Every structure is written in structure tokens, then in C-alpha cells.
Protein chains: 2
Amino acid sequence: MTSPAITVITGGVGGAKFVEGLYHSVNPQSLCVIPNIGDDDQFHGLWVSPDVDTLVYTLSEHVNRDTGWGMAGDTFATQEQLALLGQEVWMNLGDKDLATHIVRTLRLHRGESPSDVAAHLARSLGLECQLMLPTDSTLQTRVHTEQGELSLEEYFVKHRCAPQVTQVRYRGAENAQITVAAEAAIREADCVFFAPSNPLLSIAPTLEVNRVRQTLHSTTAKRIAISPLVGGKAVKGPTCEVMRACGFEANVFGIAEFYRGLIDTLVIDQKDAEHAHALRKLGLEVVVLVTLMDDKPSRIAFAAQVLSSLDLAPALEAVS
Amino acid sequence: MTSPAITVITGGVGGAKFVEGLYHSVNPQSLCVIPNIGDDDQFHGLWVSPDVDTLVYTLSEHVNRDTGWGMAGDTFATQEQLALLGQEVWMNLGDKDLATHIVRTLRLHRGESPSDVAAHLARSLGLECQLMLPTDSTLQTRVHTEQGELSLEEYFVKHRCAPQVTQVRYRGAENAQITVAAEAAIREADCVFFAPSNPLLSIAPTLEVNRVRQTLHSTTAKRIAISPLVGGKAVKGPTCEVMRACGFEANVFGIAEFYRGLIDTLVIDQKDAEHAHALRKLGLEVVVLVTLMDDKPSRIAFAAQVLSSLDLAPALEAVS
């Protein structure tokens, strides 16, 4: 039996936990990962794709396991020197990590598409699954706060999510076209997952790309979201604050509303199990599991449970 | 008495030895350094100015004293990672050093002039003398060899000076205009030095800039070259081979010919003292000294001897 074709739409650190579990639970060649590009930005003139890099580093075993981002054992000699030369260095970029951004910037300046550059970097670091950008256009998540409009990384890293969010916008979305690869990956998959990422900050940028929602509506794939909430709270980060700011309830009903029409199944944590019945009444299939996945074994175990609960496990050729 | 206004036209490692001696023998505020820009090149999409950086690192005490280039105590984490990502890494760029190139590239892309960028970097690293580029145009030394045409760093670093040189050209020289600052520094100096650098590879690129020769002809400054030869041989590097390839004798007479009309005085090593009489017959003042300067004290001592021999010493306000 062949491995089912799985496509996963994901953000960075949080989503990468589930994607890593999938990566080691299925044949990685049948796995397509569509990362968030809404936090891409330039630092010191270099193009950085924080969520893409977090995914690639995590899946290729290069990630710093203590932070969940950056490269293991990295040093910060260049960044310390950049500060001496007058650069703002609130965005932590390690020496090894900088090689990624230098090569990305070089190849983009040469005229390669962002998709091709991401694929080159992923391949160079040993990634065995497909990594496909949702779009080759520039699309930037803009966080409107009481302290003004911020980029995602300004909000997240520079201001540590402190400013009160008033709304979130996706600059460039109206002109962003889905890539051929991402469209095919959604259309032809056996199942499409939404990783347990911040819906507004990490998933919405991909959904706002032209034809992404339409392709999700028309695909015959089973469509499943993993709730990022545990007992109505985020494991980490400002998920609830941002959901409220954008008009969603900060609970599993808000998650269900965010994904309305885009999913068939919602996986929720057992601490939210009391809401399963009400969610089913909304027309969703509901799977209740322990969704915390702190280390690699628990990520693999969780992904296997999710696949099993969807009757996908028998079709799998697990490689790990 | 005020310090004499000194301008020095120089290449990288070899020339920097004399410039360092001058820097610590005079008031650095009255010292203008005009570096070679003919070996500027892009690596991994970043603009690198090897000779400019060597000078700045040397004068600001950041240089790696073992190599004469690069920064002291630097590491190579980014470069090792760049190699893993498929980049050619024959040009050694350390992690701290890379910060210089990242900031240079960022500022050039923003539209700052190369002169302004060089001044910013020099100031940030603590340089107290004036650093002024000969031109803000791109001018690249092209070494024609039996293995084809090479950039200066390809010839020097990648091919370790092994290919037989047939000629040297300065691409872009015809359109390169002298900077206002460099022209004033040559015109208004009390003396203009040529550091003991490779004439064809390190000094000629500056001389080929429009109006540089003309300004050297018309200045009232005393004009002095330090021969890079000791006993008819280069201290290091392919000076003699390149002089021969370009039609010059590989000895102090070749040096005198190279600088004909541009200098009043030639400082030669005592191992070339036998030629002093013949050089004087060519109309040059000749100063014979021990020109080797391996460490900082010997560089300062040499510079002081040169200044003293030119009757410049009494006017000096030495700062070290």
C-alpha cells in the first residue's frame, strides 16, 4: 500500500512540532509542507524567512531544541559585530543561520523565485519532504497595535507580543497568487492538515493568498485542523489575544469559526473535550486527544494517533 | 607647530605596514589614507573591499596579526555553513569580518556612496585618520593570465598567484572620476606617500582613476614612494613577476620608472643601496633605509626614520 498524500499548512515553532511528528510517521516523500511566509522580512539587507527556516531546521534535525528556532550550537559573532557597526540586532540571527539568509538573498537577487530558493535551501539541509511556498509574491502580516503598525517579527520578537493588538492585515495578499505546486498539493492530497499554529498570525497569511480558500473548498482531500488551544489557552504565544482582537472567541469555537468551510475535522485537546458535542452539532467531526508534544517522541506519537483516528494509519509506510 | 598634512596612497597587507607606522608617528587627524579599491568584489552577494578592510582593521587594532588580514580571533561558522549550502568559499571571510560586508552591502543598496560607506565603517571601528576612496565608481583590476582573465582576488587567493601573468587591466578606469576628498587630499598635502605595495596590482588602480595623475603632477606636496623591494625581491607576493609581465624591470629601476614624474623621492632598502647613485642620476632624491617592518614597533620606527630623512620629523606631534 502506498503512503497517503498529506499536505500540511503550518506556521513556525508551534506548527513545526506537529509537522515533525508527521514527517517521522509517514513516508516523507508523500508529505508536502506549505509554510507561512507572512513573517518574511529583511534584516541588515538579508531576507529572512523565520517560519520556513524553523520548519526546515526542525525537520532536518538542525534546530536548536532549547529555543525551537535557530540552529543547534550556533554562535553570534557576526551579530555582535553588526551591533558595533550600528545595526539594530533585536532579531537573533546566528552565524550558521546567517548562511541561510545570505544564500537566500543572493539567489533572490539573481532572479530565482522564492519557491526555488526555499527548495534549494531545504534540499541542501537534507529535507526529504516537499516544501512549497503558498505564493512567490511578497505578503506581509501587519499587526496593528495601540503602539502602531508592526511587522510580525517586530510584534513578536522586538516587542515580545506586549502591545495590545487591534487588528491584523496581510499586506500584498490581494496580488498574491498561489503557486502551481501549492495548488496541486492541496487539490491532489488525500488529506490536508492545518497545524496547531496561531490562526491569525500563522495560518491566515496562507489562506489570504488568491485561490487558496477556493482550492481548499474544492479539494476532495479530508481536511483536518489541529487546535492550538489546550483548555482554552494557548500553549505559548498570543493566540487568544489576537483571536479576540480579530473578532473570534478565544476558545475551540473560535478555532472552528476561523476554519469554517475549510475543514471537516477538528482535533481538540482533551482539556477542551467538554465542547466536543457542541462542535459536532456545528457539523464537524471532532477528535479528542492529548495535544501537547514537547519532545520528538511525543510529536511522533501524537501524529500517529491523529492519523489512526482518521483511519489513515493502515495506509502508512512509517519510516522511523 | 602643527602636524604636516600627509596623504598616503596604498594597497592592503604590505602597504598597511607603513601606514600603521605613519598612523602612530603623526597626528592621525592630519593623515589621509587613499586605499586601493581595484580588488573590491562580491562574494555570496556581499560587497567585500579587501584592501580597505585590511587597512581599517590594521589601523584600528582589529586585524589578525598572524595573517595581516581579517579580524583577530575571528571564527568561520557562517563560511562553513555557506559551503554546505553550495557556495564556493575560497575567499576566507570570518564571522566578525562578515558584519563589515553585510553593512557595506546594505548601505550601498540603500544608495549611499562607497566613500560614505567606507567612512562609516572606519569610524565605527574607531579609525582616527581620514579614509578616502580614490573614486566612487567601480574599478576592477583584471589580471590576464595564461589561464584566462581573473579578478585580483581570484588571482591572489583562489589561484595563489600561480598562473603566469600576461598583462593587467583596470576595468572601469576610463569612467572613474576622482572623489573631491581624494583630490583635495593630494592637492593640499605637505607630502604624498606611496606605500610599499605592489605597483601594478595595488597602486596603479588608484593612478588610473581620472585626474589622479594630473593632481599628483600639479600638487606642491613632496611626493615619496617607498620601494616594496628588498635586494631586488618582493618581501612577499608576485610583485616582480607582475612588474616583468607589464614591461617593467623587476628592481628599483622598474619602481622608479613606474613612478616617473609622480615622485620626488624614492626610499629604497639598504640591500638595494648599490643602485642609489644611478637612481639619483635619474633626478630622484634617494633615501636608503632598512625597510623591513615585521611588527608594530618596527613600523613606527621605520615611519619615523622616513619622516626624519625628509626633514618632516620636527614638525610632528607624535601621539604614541
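Two residues are counted as in contact when their C-beta atoms, placed from the backbone, lie within 7 Å. The legends below concern a predicted model.

**View 1. The interface between chains A and B.** In the predicted model, 23 residues of chain A are in contact with 23 residues of chain B. Three helices of chain A, α3 (77-84), α4 (95-109) and α5 (114-124), each contribute at least two residues to the side that touches chain B. Helix α4(A) provides the largest share of this side, namely 9 residues. Sorted by class, the side of chain A that touches chain B comprises 11 nonpolar, 10 polar and 2 charged residues.

**View 2. The rotation axis relating the two chains.** Chain A is superposed on chain B by a rotation of 180° with 0.0 Å of shift along the axis, at an RMSD of 0.0 Å. This is the relation of a two-fold axis. Among the residues of chain A, Asp95(A) comes closest to the rotation axis, its C-alpha lying at 3.3 Å. Of the interface residues of chain A, 100% are also interface residues in chain B, so the copies meet through the same surface.

**View 3. The three-stranded sheet of chain A.** An open sheet is formed by 3 strands of chain A in the order β7-β6-β8, with antiparallel pairing. Strands β7 (148-151) and β8 (165-171) of chain A stand at the edges; each has a single partner strand, so one side of each is left without a neighbour in the sheet. From one strand to the next, the twist averages 25°.

View 4. Strand β6 of chain A (residues 140-145) pairs with β7(A) in the antiparallel sense over 4 bridges. Within this pairing, His144(A) has Glu149(A) of β7(A) as its bridge partner. Helix α8 of chain A (residues 199-207) packs on the sheet and touches both β6 and β8 of chain A. The direction of helix α8(A) makes about 20° with that of β8(A).

**View 5. Confidence along chain A.** The pLDDT of chain A averages 94, and 97% of the residues score at least 70. Over residues 314-320 of chain A, by contrast, the pLDDT is below 50. Beyond near neighbours in sequence, this stretch of chain A has 15 contacts in the model. For the model, the scores are ipTM 0.92 and pTM 0.94.

Key: Residues numbered from 1 in each chain as written. Chains lettered and ligands numbered in written order. Predicted model: local features only at pLDDT ≥ 70, side-chain atom pairs only at ≥ 80, totals over all residues. Least-squares fit on C-alpha atoms with pLDDT ≥ 70 in both. pLDDT = per-residue confidence, 0-100. Pairing = 2+ DSSP bridges. Axes fitted to C-alpha atoms, helices over the stretch in contact; angles between N-to-C directions. Nonpolar A, V, L, I, M, F, W, Y, C, P; charged D, E, K, R; others polar.
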